[in-house]
Amino acid sequence: MVAIYSTDDEEVMCIFETALINLNEFQAFSDVVNPVFDRELLLAWSTIGNLFLKGVSRMTFTLYRNGHPLRVRYTSREFDLIRQHALTTMEGYMFLTDLRRRRISLQPHSGNAVSFVFTEEQEPDVRSMIGRFVRVVREAVINPVAGTLRYLRTHSIEPLELDTESAAYDFWTSRTIDELAR
């Protein structure tokens, strides 16, 4: 449980209040209505929600402002919903890696290649996965003025094993003459 009491800094209190109201509204979200939520706040709640992956089961936030408490509960269920809303997953073959500019390109089984940016902390993982089939959890960073996609940010990346028996087997993997003939 986190309790926040009114301070002299009105801007800080507005930030906390906005964040809690946004979380509360998201949790009341239904599929009938499709409101637009503040993406940066959802990502912040997703980051805080990583505590659920470490064994926390529930968080309660209470903001005391002008003598009136605003209580918002946050559970692992809401965390899962926020992650689904804020982050997406993509699988594909990682190629065209630019370590200097921290960019990777991913070729999915179908469709066009997609470029991502990654952090300095992710560089060792990226180096070890060049040329492999991977799963990337990503976030679309939108230009707030134009409302257009600026870039895709990598949140996590992990190697995957390809199912060589499936029809979607990656064509970039070398095959024997017999396999090609079949």
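This report walks through selected features of the structure shown above, from its ring pairs to its salt bridges.

The structure is a predicted model, in which local features need pLDDT of at least 70 and side-chain atom pairs count only at pLDDT 80 or more, while totals for chains, interfaces and linings use all residues. Residues are numbered from 1 along each chain as its sequence is written, and side-chain values use heavy atoms, with hydrogens and water left out.

## Aromatic pairs

Helices (H or I, at least four residues) and strands (E, at least two) are DSSP runs, numbered from the N terminus. Rings of Phe, Tyr and Trp (for Trp, its six-membered ring) pair if their centres lie within 6.5 Å, and planes under 30 degrees apart count as stacked, over 60 as edge-to-face and the rest as tilted. By this rule there are four aromatic pairs. One of them joins Trp-45 and Phe-61, whose rings are edge-to-face, with 5.2 Å from centre to centre and 70 degrees between the planes. This pair links distant parts of the chain, since Trp-45 is in helix H2 and Phe-61 is in strand E2, 16 residues apart.

A residue is called buried under 20% relative accessible area, exposed over 50%, and partly exposed in between (1.4 Å probe, protein chains only). Trp-45 is buried, with a relative accessible area of 4%, and Phe-61 is buried as well, with 9%. The rings of Phe-52 and Tyr-74 have centres 5.2 Å apart and planes at 85 degrees, so this pair is also edge-to-face. Phe-52 lies in the loop between H2 and E2, whereas Tyr-74 lies in strand E3 (residues 68-75), so the pair ties together parts that are 22 residues apart in sequence. Both Phe-52 and Tyr-74 are buried. Through ring pairs, Trp-45, Phe-52, Phe-61, Tyr-74 and Phe-79 are linked into a cluster.

Ala-19 is placed in helix H1 (residues 10-27), and with a relative accessible area of 13% Ala-19 is buried. Contact means heavy atoms within 4.5 Å. Leaving aside neighbours within four places in sequence, Ala-19 is in contact with Leu-41 and with Trp-45, the latter being a member of the ring cluster. The C-alpha atoms of Ala-19 and Ala-44, which are 25 residues apart along the chain, are separated by 8.9 Å.

Two strands pair if DSSP finds at least two bridges between them, and E2 and E3 pair in the antiparallel sense over eight bridges. Met-59 has Tyr-74 as its bridge partner in E3. Thr-75 is also in strand E3 and is buried, with a relative accessible area of 11%. Not counting residues up to four places away in sequence, Thr-75 touches Gln-27, Phe-52, Ser-57 and Arg-58.

## Positive phi values

Most residues other than glycine have a negative phi. In the hairpin of E2 and E3, which has two residues between the strands, Asn-66 takes a positive phi near 55 degrees. Leu-96 has a positive phi near 50 degrees; this residue is in strand E4 (residues 88-98) and is exposed, with a relative accessible area of 62%. Arg-102 has a positive phi near 55 degrees, lies in the loop between E4 and strand E5 (103-107), and counts as partly exposed at 28% relative accessibility.

## Salt bridges

A salt bridge is a side-chain nitrogen of Lys or Arg within 4 Å of a carboxyl oxygen of Asp or Glu. The structure holds seven salt bridges, and the table lists some of them.

| Salt bridge | N to O distance |
|---|---|
| Glu-78 and Arg-77 | 3.3 Å |
| Glu-123 and Arg-127 | 3.0 Å |
| Arg-132 and Glu-161 | 3.5 Å |

Glu-123 and Arg-127 both lie in helix H4 (residues 123-129), four residues apart, which is about one turn of the helix, and Glu-123 counts as buried at 18% relative accessibility. Arg-132 lies in the loop between H4 and strand E7 (133-142), and Glu-161 in the loop between strand E8 (149-159) and helix H5 (177-181), so this pair ties together parts that are 29 residues apart in sequence. Arg-132 is partly exposed, with a relative accessible area of 31%, and Glu-161 is exposed, with 69%.
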